[in-house]
Every structure is written in structure tokens, then in C-alpha cells.
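Take a look at the structure below. This report walks through its parts step by step.

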Amino acid sequence: MTWRLRRAEPGDAPALSLVASATFLDTYATVLTGADIVAHCTTKNSIATFETWLSDPATIVTLAEHEPGHAPIGYTVLTAPDFPIEPGPADIELRRIYLMKQAQGSGLGAALMARALEDATAAGRIRVLLGVWDQNTRARAFYERQGFKVIGTRQFTVGTTLHDDPVYARTV
């Protein structure tokens with residue numbers, strides 16, 4: 001598989017929203033209720049959500065596109081931390097790192113993570129935080145291979161269901 005990574009721009013919000021909802025549905029369709037998935041995607045993955053991130057100079061969004069044709073297949077969002085754990089002044093949250101199932105195992109996930117860590121360093125950040133669903137063993141194993149360690153937990157609501165998620169961190 002051939003891809004390219006690039007900094008997302010304001011016009012990319014619809015593509016990012018599409019990938020966000022497609023990957024969320026693909027990952028969680030067999031473990032969450034349909035109502036919770038729809039509620040989450042319509043609020044957390046909306047075009048407006050991505051427009052807000054893309055207009056925030058403190059947020060870094062990277063888009064992964066399949067070559068040729070530039071179809072969107074993944075993305076990352078680095079932004080201000082939103083955890084019950086007191087963040088340090090040089091912390092940043094990897095709020096999203098999503099990848100279409102067709103690209104899993106291709107090395108694109110590692111490339112997206114490497115770019116996110118490079119972007120965090122370039123932004124003067126020292127530590128990257130992220131949260132993940134406790135039962136997402138594939139993602140948790142990926143983060144651990146990337147050097148992240150669990151530093152706490154948070155509660156995260158999807159639709160109407162509350163989940164207890166581990167919070168990971170690593171220095172850059």
C-alpha cells in the first residue's frame with residue numbers, strides 16, 4: 001500500500017469526518033450499541049468538530065491519503081490535553097489516531113505515530129498523552145510497542161454509556 005501524510009487544511013474537515021466515523025463504526029459495531037455509535041459519531045466526528053480543530057493554531061491534524069487518488073485512510077489529532085490527570089505545561093494529547101482497516105498492518109499506523117511524535121517535539125512538547133478503550137487490545141498493544149505506558153484512567157462516555165479507559169503517556 002502506498003500513502004502520503006500531510007498536514008490537514010480547513011477544507012479537509014469533510015474527509016476527516018468521514019474517516020473518523022467509518023473507522024469508529026468498523027472498530028466498535030460489534031461491541032457498542034448502534035444508538036451509542038450514532039450519537040458519538042454525529043457529535044464527536046462531525047465536520048464542525050474537525051473545522052474547530054483545524055482552525056485552532058494549537059491543534060495539529062495530519063491526514064493520511066492512499067496513493068494514487070488521495071482517498072483519505074487515516075489521521076491524527078494532537079491538541080490540548082483533556083484528562084482528569086493534571087497535565088504538565090509541555091504535555092499534548094494525541095486525541096485521535098485512526099486508520100482504515102484496509103491500511104492496518106501496512107506500516108501506516110507507525111508512520112502516523114512517528115509524525116505525531118515529531119509534530120509534538122516541533123511544537124515544544126515533552127510528553128504525549130492518549131486515552132484508549134480498555135477492551136481495544138489491538139490499539140493498546142500498538143501503543144505499548146510505541147513506548148507508551150499507562151499512567152492512570154479516565155471515564156469516557158460514548159453515547160449514553162460510560163467507559164473506564166486507561167490513559168497512556170510517553171516522552172518525546
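How many salt bridges does the count come to? The count comes to 8 salt bridges. Keep in mind that this is a predicted model.

## Salt bridges

Side chains of opposite charge can pair when their charged atoms come close. Start with Glu65 and Arg4. Their side chains meet in a salt bridge, at 2.5 Å from N to O. Glu65 lies in strand E2 and Arg4 in strand E1, so the pair ties together parts that are 61 residues apart in sequence. Glu65 counts as buried because its relative accessibility is 5%, and buried means under 20%. Arg4 has a relative accessible area of 30%, so it is partly exposed.

Now take Asp12 and Arg6. Their side chains also form a salt bridge, with 2.8 Å from N to O. Asp12 is buried, at a relative accessible area of 10%. Which residues do salt bridges with shared partners join into one network? They are Arg4, Arg6, Asp12 and Glu65.

Another pair is Asp134 and Arg140. The side chains of Asp134 and Arg140 meet in a salt bridge of 3.0 Å, N to O. Asp134 has 31% relative accessibility, so it counts as partly exposed.

## The sheet

What is the order of the strands in the sheet? The sheet is open, has 7 strands, and runs E1-E2-E3-E4-E5-E7-E6. Its pairing is mixed. Strand E1 (3-7) and strand E6 (149-158) are the edge strands, and each pairs on one side only. From one strand to the next, the twist averages 25°.

Look at the E6 end of the order. Strand E7 (residues 161-171) pairs with E6 in the antiparallel sense, over 9 bridges.

Is E5 largely enclosed or open to the outside? In E5, 4 of the 5 residues are buried, so this strand is largely enclosed by the rest of the structure. E4 and E5 run parallel and are joined by 3 bridges. Asp91 stands opposite Arg127 of E5. Between the two strands, the chain passes through H4, and this β-α-β crossover is right-handed.

Helix H4 spans residues 108-122, which makes 15 residues. From its first C-alpha to its last, H4 reaches 21 Å. That is close to the 21 Å expected at 1.5 Å a residue. Its buried residues include Leu108, Leu112, Met113, Ala116 and Leu117. Asp119 is buried too. Just after H4 comes Gly124, with a positive phi of about 80°.

First, find Ala35. It lies in helix H2 (residues 34-44). Is Ala35 buried or exposed? Its relative accessibility is 57%, so Ala35 counts as exposed. Now find Gly159. Ala35 and Gly159 are 124 residues apart along the chain, yet their C-alpha atoms are separated by 7.0 Å.

Next, find Asn136. Asn136 sits in the loop between E5 and H5. Asn136 has a relative accessible area of 15%, so it is buried. Which residues is Asn136 in contact with, leaving aside its neighbours within four places in sequence? The contacts are Thr27 and Tyr28.

Conventions
Residues numbered from 1 in each chain as written. Predicted model: local features only at pLDDT ≥ 70, side-chain atom pairs only at ≥ 80, totals over all residues. Heavy atoms only, no water. Pairing = 2+ DSSP bridges. Axes fitted to C-alpha atoms, helices over the stretch in contact; angles between N-to-C directions. Buried < 20%, exposed > 50% of the residue type's maximum accessible area, 1.4 Å probe, protein only. Expected span 1.5 Å × (residues − 1). Right-handed = clockwise from strand over helix to strand, strands pointing away. Salt bridge = Lys/Arg side-chain N within 4 Å of Asp/Glu carboxyl O. Contact = heavy atoms within 4.5 Å.
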